[in-house]
Amino acid sequence: MSRWWPESVRRSTALAALLLSVAVFGLGWWGIRQFVVTQLSRNVVQSTWAQLDRVADAYRLGALSSAALNGDAMFEVVTDDGRAVVHSGNLTRLDPAWQPLPPAPRDAPHGWTTTTTAALHPGTHPQWREYRTYTVVGTVVDDVPAALVEPLGREGSTVDAGLSRAAPSSEHYRLTLYLFVLPWDTLTTLALFDDTLEVFVPLAVLLTALVAWFAAGRALRPVEAIRGELAEVSGSQLGRRVPVPRSRDEIARLAHTTNATLERLQHTHEQQERFVADASHELRSPLANLRTGLEVALAHPERADWPAVAERSLLDIRRLHRITADLLQLAVDPGRVSPVEVDLADVVGEQVAERAAAPDGPVAHSFVDGPVRVLGEPVQLERLLRNLLDNAVRHASSAVTVTVGRHGTTVVLEVLDDGPGIPPADRERVFDRFARLDDARTRDAGGSGLGLTLAREIARRHGGSLAVADSETGARLVARLPAAD
C-alpha cells in the first residue's frame with residue numbers, strides 16, 4: 001500500500017470517490033464549457049454574417065438606413081485602393097494606431113467572402129488593456145454609386161471626407177465590407193457558467209465523498225459486528241455465532257461461511273474433548289490394574305506367579321490397545337474417507353468364516369441374498385461388522401446369525417444373538433460411550449465400551465443408520481446403508 005493512500009477501507013473508499021468525482025466533474029466541466037464555447041461562437045459568427053449581409057444589401061439597394069448596426073458593432077468599409085471609406089469609431093478608440101484592413105483581391109469574383117483575424121492594441125487605454133484578436137468577416141459589394149460612399153450617419157463613425165467630396169456622382173466603386181465578430185455575449189455567458197460551476201462542482205465533489213464515507217461505513221458495519229463477535233470467541237466459547245445481516249450480499253455469505261467454520265471448529269473441539277475425557281476415563285482403570293499387578297509381583301517376587309502376572313498384564317495391554325484403537329477411530333475426520341464400491345456380502349462372508357474358525361465360543365451363521373454393493377471405505381465397513389459381531393459373540397449363549405440383503409435402494413445388515421437381549425429402555429443408551437447396563441450385558445469379556453458407539457458412527461458416515469430392533473430372543477442390531485446404485 002502506498003504511503004499516501006490510507007489503509008482503512010472506509011477512508012480509501014471515500015478518497016477514491018473524491019478523486020473520481022474530481023476527475024469526472026472536472027472533465028464534465030471542461031467538456032461542457034468547450035461545447036458552450038463552440039455553440040456560442042458559431043451562433044455569434046452566424047449572427048455577424050447576417051448583419052454583414054444586411055449591410056451589403058443596403059449598399060446594393062441604396063438604402064443605407066436598413067443596414068442599421070448596434071452601437072457596439074465594429075466595422076470598416078475599404079475601397080480597392082486600400083483606403084477606409086467608413087469605419088467604426090471603436091476601432092480608433094481601442095487601437096489609436098489602427099491601419100485599415102486590406103481590400104479584396106482585384107480578381108475576386110462577385111459575392112466573394114472571407115474570414116480573417118485582426119488584433120487591436122489598446123496600449124494605455126484606461127478601460128481596455130487586453131490585447132485581443134478578433135474574428136473578422138468580410139464580403140465584396142460591386143458597383144456602389146459614389147453618392148453612397150459617405151458616412152453611415154452613425155455616431156462614432158468616421159469617413160474619408162476627401163474621397164466623398166472628390167467623387168463625381170456618376171462614378172461607381174467596388175467596396176470591401178468588414179464586420180468584427182464581437183465575443184462579449186460569449187464571454188459573459190462563460191463567466192456566468194464558470195461562476196456557477198465554481199460553486200456547484202466543489203459542493204458536488206464534497207457531497208460525493210461524504211456519501212461514499214457514510215455508505216462505506218454502513219456497508220462495513222456488519223463486518224465490524226462479525227469482527228467483534230469473532231474477537232470474543234475462545235476455546236471455552238466456541239458456541240458463539242456471528243450475526244448474519246438480512247441482506248443477501250457478499251457480507252451475508254461471509255457471515256454464513258464464518259458460522260459454518262465455527263460450527264466445524266466447535267464440533268472438532270467437542271470431539272477432541274470427548275476423546276481426551278474418554279481416554280483419561282477408560283485408560284485409567286487398565287493402567288491402574290497393570291501397575292498394581294506389577295508392583296505387587298515386584299514387591300514379593302519369590303511368591304509371585306509370574307506366568308499368571310504376565311497373562312493378566314497381557315490382557316490389560318490388549319484392552320488398552322482396543323480402547324486406544326476405538327478412540328482413534330472415533331476421532332477420524334469423516335471428510336478424509338474416500339468411498340469406493342464394496343460388496344458387503346464378501347465382508348460378511350470373511351468375518352463369519354473367521355468366527356467359525358475360532359476353537360470355542362458361539363457359532364456364527366450368515367444368510368446372504370446375492371451381491372450387495374454399497375459405497376464406502378472397506379476398512380471402516382469391516383470394522384462396523386466386526387464390532388457388531390464382537391458385541392453379539394460376547395453376549396450370545398450359543399449362536400450368532402448375520403443376515404445381509406437389499407430392500408429397494410437400501411442394504412440391510414442384521415446381527416442377531418441368542419443372549420439375554422437389550423431392554424427397550426436401554427436400546428439407545430447402548431450406543432453411548434462406555435455405557436453400563438445390567439450385569440447380564442457387561443464388558444467383563446474384554447469389550448472396550450466403544451464398539452457400538454463406533455459402529456453407529458461408521459454407519460452415519462456412510463449415510464446410513466444403526467439401531468436395536470425387536471426380536472423374540474437375544475439382541476437384534478440392524479444397520480441400513482444406501483445401495484451403491
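User: In which helix does Leu203 lie?
Analyst: Helices here are DSSP runs of H or I with at least four residues, and strands are runs of E with at least two, numbered from the N terminus. This is a predicted model, in which local features need pLDDT of at least 70, side-chain atom pairs count only at pLDDT 80 or more, and totals for chains, interfaces and linings use all residues. Residues are numbered from 1 along each chain as its sequence is written, and side-chain values use heavy atoms, with hydrogens and water left out. The run that holds Leu203 covers residues 184–232 and is helix α4.

User: Is Leu203 buried, partly exposed or exposed?
Analyst: Buried means under 20% relative accessible area, exposed means over 50%, and partly exposed lies in between (1.4 Å probe, protein chains only). Because its relative accessible area is 41%, Leu203 is partly exposed.

User: In what order do the 5 strands of the open sheet stand?
Analyst: Two strands pair if DSSP finds at least two bridges between them. In this sheet the pairing is mixed, and the order is β8-β10-β11-β13-β12.

User: Which are the edge strands?
Analyst: An edge strand of this sheet pairs on one side only. The two concerned cover residues 363–368 and 465–469, and they are β8 and β12.

User: In which sense do β8 and β10 pair?
Analyst: Strand β10 covers residues 399–407. Val363 stands opposite Ala399 in β10. Over 6 bridges, the sense of pairing between β8 and β10 is parallel.
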